[in-house]
Amino acid sequence: MLVDADDGFTDWIDITNKLAAGAKQLKVGELLKPDSLTLFDAMVAVQVMDPRLDMGMLTAEDKAEIALWDFNKRLTLTDTLWIIDRMFSCEMTLHNSAALLQTIYTCNYFTVDENQIPRATIGSKSEGVCENPARDLVLYPVLIAVGACCARVWREYQNDNLYPDEDVHSGVVVPRFFTEYSLRDVHRLLESAREYLQGVIAGEEDAETQKRAAGVLVEQIGIRDGWLRVLEDLSAETLAEDPGALRRGMERLRSLAALHKRYVEGSGRAAAAAESALATPVRGAFDSKCMRRYPTLSPVRPRELLTRDEAHAAFARMLDDTAQVDELLAIESVERMIHFFLRFSRRSPTPVPFVRSLVMSAFATNGRVQLAQQSAAGLVRRAVSELGGSYVWATLETARGAAGIDARERADAFCTEAAGLLVCWLKSLCQNPPRQRRIALKSIGGWDALQADGEQLDMAVFALTNPQQPPAAAADPETNVFALSSWAYHMKLLAMETALLAGVRLEVYLDYEFAQVFCYAAQVFDAHQAHMERVARVAALQPSSRQNPQLQMQTLPWTARAVGSDECLAQIERWHVLAGAQKDLATALWLVSHVSGRLGVFRAPWEQRTTRLALEISRQQQQSSRDMLGAQRARFALRFRAFAQLGSPAPPSFAGWLATSAQLDSHALGDLLLHAGNVAGEAKALLERSRRAAASGPAHALDEWDACFRPLYFVVLANAVALTKLRKRAPALTQMPQPLRISGDQALRYRSQAVGAALARQTGTEGGDHSNGSSQGNGSNQQSQPRTKSERRRRKGTGRQDQTNTSAAAAAAAAGVAQRWLDDAARLTKSEVKIAWSCTPSKHPDWPVFSFQ
């Protein structure tokens, strides 16, 4: 390699050997570059046709692989089994937010020119007509069924329940050949394939391996036929003509799940391995770089296909998630509906986009649950009634005069606006987790404004009901129920809780922010619990539906049973228990997070921060002592900006957070952990009392308790047990070394200084803090400059040198204190208590579980 020696383009020198020697000194991941090198320059330096950048470019290996495929090759049943297994993996990968170009379209038998497909022999039963029976009588009927299934899934996506490019990749649809067959024709083709395979099994001419492959294919065709029938019953076209098809589809879904379970369990590991060995790979049948045939489409990222076992596990989860539609149909109250959507949003892994769209369609699309028979505004009326506000609608219906007409018009406007917020929020719980959090944050302001409008309307209703009362009584919460604003406040608190906990699941918070989030979450849950106490107290004073038939609630459009006032009180009590248990759990986690911060133990253990990149990231998250407080204040304002403008509950403030943290800093760590254990025990006792009450109640009460509280109870129980075991180690925590008796901010500052020292050791420089490093750099530059003859300048240079030495000494002393704190914390956490925490998605993805080892 030649470079210009004097920037004059006249003399060139050879740096090949120097470049090779310098490259050997670089470690993996390191890059030596001038400041002028940008990302654009780096991308230009790489050839555009590099296979790593252009997924459509064919290498020599790709060309050799494709050349091996021959469409007219006579397939065996073992070949067909391998292709169908691979196609099933492609289909399941497609349902997990992949693109057709990454999955289905990679099969050359699926995307071959339609003129090559032998239409006349597909599914033909004529003797001697078909020269390639495994391909024409088995493979293509199954591929046609796959195309029919994908087409119906795509039609569900057309309901606009999902966001493009987040969950569903559009741009290419199933080829017309695979969608021109009617459903009756597809089922006929599958039946013909089954008959052919059964003939192979019963015959004596074929080898034993072909017979075993035929047996496996018969089971797979049965599963494919059942899945297609389920999709047919759940399609919008079928339900528009026959609404009862939804129930029939759910029955077929249960039968299909049982059939698939028998197939998977019947295979077992040994049988599955034998089946995989039985399938014969067909070289060139799948083209992973089919993108080159569609140059007008945007390129998609390469996607690894699911394995056979992963594909069947994904299909089993898909069937189980689809069965949630049946549970939605059995819901008898708005309160249970909200609980259903909250549980559905926490299912882990997140249901595939098709299932989430199907649940949304079943809730809010005409023809599914027939919500058009009762408008969404009627759903709001029902929800307010369940929270103790039945009297509002009876009062408005009987009110006369201009005031009554005005109140009814305002109530209609309230219900219309609330219906939009309610339906949007419930449907958002079927979106992917990041979208759930964004929509919840956006809806908080709408619920807050609706609450303010509801308060004015509640006072107007109170004036209609109690004309003899003074105007001041209408604003008194002890005399006015405030049913409309109470319901809006309840929904606002639910949206706030959803947004806060979704951030924990998505890990959007920095390490030190978890204490802030759990602290504010405890305040929100405390406000929710107090609100439910007031609602229960007021609702208990209202006349029951048995005493006043006018207060009997209207039934939901998909159920015939009305919910009386006694059951409303039970629903309110469930919300009260749920808020109280989560308040105690958030308080316990807040205290443990505070202790973890003072010990320097966070989610990412210190031992894992060994690479320079990880240390740099930690450095960015934990600022130097000079600007750390300002950075925390800015991040606090950013993190809680959606809650800062709310009228109630009290918005969080950074000054209040510092004051609260200072109070906790005055307590010993052992005392804080003991108190956290007591609070977690209270949450556990509250849930257990609620379960005992449900067990002694109606038959369905225990099932409702399990649906509402079981995931939360698991998290509460796990944390309570872990904190109880820690009691034995509490004395060691109270007798910790003096450097550990510091505040959380000091611990964060010490940790930042320790990170800087680690960076300095890796880079070979002195000092680690940016501010200290800059002052050292200024001093060295001043010392390297030539001395002047002026005595003043010499003294000034000497003063700067002294200042540099003083700064270096102070930095060294601070680094020493930070290192001693780090050593003491590491010794304590290794010898006495080691704190770690993680979420358990299979139980409750929003709440972490701490472990103390």
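The model is predicted, so local features need pLDDT of at least 70, side-chain atom pairs count only at pLDDT 80 or more, and totals for chains, interfaces and linings use all residues. Residues are numbered from 1 along each chain as its sequence is written, and side-chain values use heavy atoms, with hydrogens and water left out.

**Overall build**
- The protein chain has 31 helices and 4 strands, which are DSSP runs numbered from the N terminus (helices H or I, at least four residues; strands E, at least two).
- Of its 853 residues, 49% are buried, meaning under 20% relative accessible area with a 1.4 Å probe, protein chains only.

**Largest pocket**
- The largest pocket has a volume of about 620 Å³.
- A pocket is an open set of points on a 1 Å grid over the protein atoms alone where a 1.4 Å probe fits, with protein on both sides within 12 Å along at least five of seven lines; lining residues have an atom within 4 Å of a point.
- Grid points are joined across faces, edges and corners, and the volume is the space filled by probe spheres set on them.
- Among the 29 lining residues, R343, R346, R347, P711 and K843 are the closest to the pocket's centre.
- α27 contributes the most to the lining, with 8 residues.

**Residue L305**
- L305 sits in the loop between α10 (245-278) and α11.
- L305 and C90 are 215 residues apart in sequence, yet 6.3 Å apart in space, C-alpha to C-alpha.

Definitions and conventions
Buried < 20%, exposed > 50% of the residue type's maximum accessible area, 1.4 Å probe, protein only.
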